[in-house]
Amino acid sequence: MKLLFDQNLSHRLPAALDHVFPGSNQVRLIGLDRADDETIWRRALDDGYCIVTLDADFAEFSAMRGSPPKVIWLRCGNRPTAFVEGLLRKHALRIMTMGAADKLDCLEIS
């Protein structure tokens, strides 16, 4: 599963997690650092990304619209990049399983 990290998450995460989540990206790296949530949502949908965010906005989109794209809502607050990387590694199996689950649109991780 390839992840699209929201602007509030480090642009270093895709490279750090490439062997776990190949093909991942971050909004800044694809020119969407000033884009609104709707534009990011559409890009994730078009390019087959799962959105990873710290904000409730995409979780709300997911509740209203369903998936794709799937959403991973990190409920850990603003933490160092190494912490977020470790959290995603710890939950990698859950995240990959979510990708195949038709009835799971948003995964909350804390």
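Which residues is Leu 74 in contact with, leaving aside its neighbours within four places in sequence? The legends below begin with this residue. The model is predicted: local features need pLDDT of at least 70, side-chain atom pairs count only at pLDDT 80 or more, and totals for chains, interfaces and linings use all residues. Residues are numbered from 1 along each chain as its sequence is written, and side-chain values use heavy atoms, with hydrogens and water left out.

**View 1. Surroundings of Leu 74 in the largest nonpolar core.** Leaving aside neighbours within four places in sequence, Leu 74 is in contact (heavy atoms within 4.5 Å) with Leu 9, Val 52, Thr 53, Leu 54, Val 84, Leu 87, Leu 88 and Ile 109. A nonpolar core is a set of buried Ala, Val, Leu, Ile, Met, Phe, Trp, Tyr and Cys residues joined through side-chain atoms within 4.5 Å, where buried means under 20% relative accessible area and exposed over 50% (1.4 Å probe, protein chains only). The largest such core has 21 residues, and Ile 72 and Leu 74 have the most contacts inside it. Two or more residues come from each of strand S1 (3-5), strand S3 (50-53), S4, helix H4 (81-90), helix H5 (92-100) and strand S5 (106-109). Helices (H or I, at least four residues) and strands (E, at least two) are DSSP runs, numbered from the N terminus. A second, separate core of 16 residues includes Leu 4, Ile 30, Trp 41 and Phe 61.

**View 2. Strand S4 and its parallel partners, S3 and S5.** Val 71 and Trp 73 point one way from S4, Ile 72 and Leu 74 point the other way, and all are buried. Two strands pair if DSSP finds at least two bridges between them. S3 is joined to S4 by 3 bridges, with Ile 72 as the bridge partner of Val 52. The β-α-β crossover from S3 through H3 to S4 is right-handed: with the strands pointing away from the viewer, the path from the first strand over the helix to the second runs clockwise. S4 is joined to S5 by 4 bridges, and Cys 106 is the bridge partner of Val 71.

View 3. Pro 68 is found in the loop between helix H3 (56-65) and strand S4 (71-74). Most peptide bonds are trans.

**View 4. The buried face of helix H4.** Val 84, Glu 85, Leu 87 and Leu 88 are the buried residues of H4. Seen down the helix axis, they fall within an arc of 160° (taken from the directions from the axis to the C-beta atoms), so they line one face of H4. The face turned away from this buried side carries the exposed residues Ala 82 and Lys 90.
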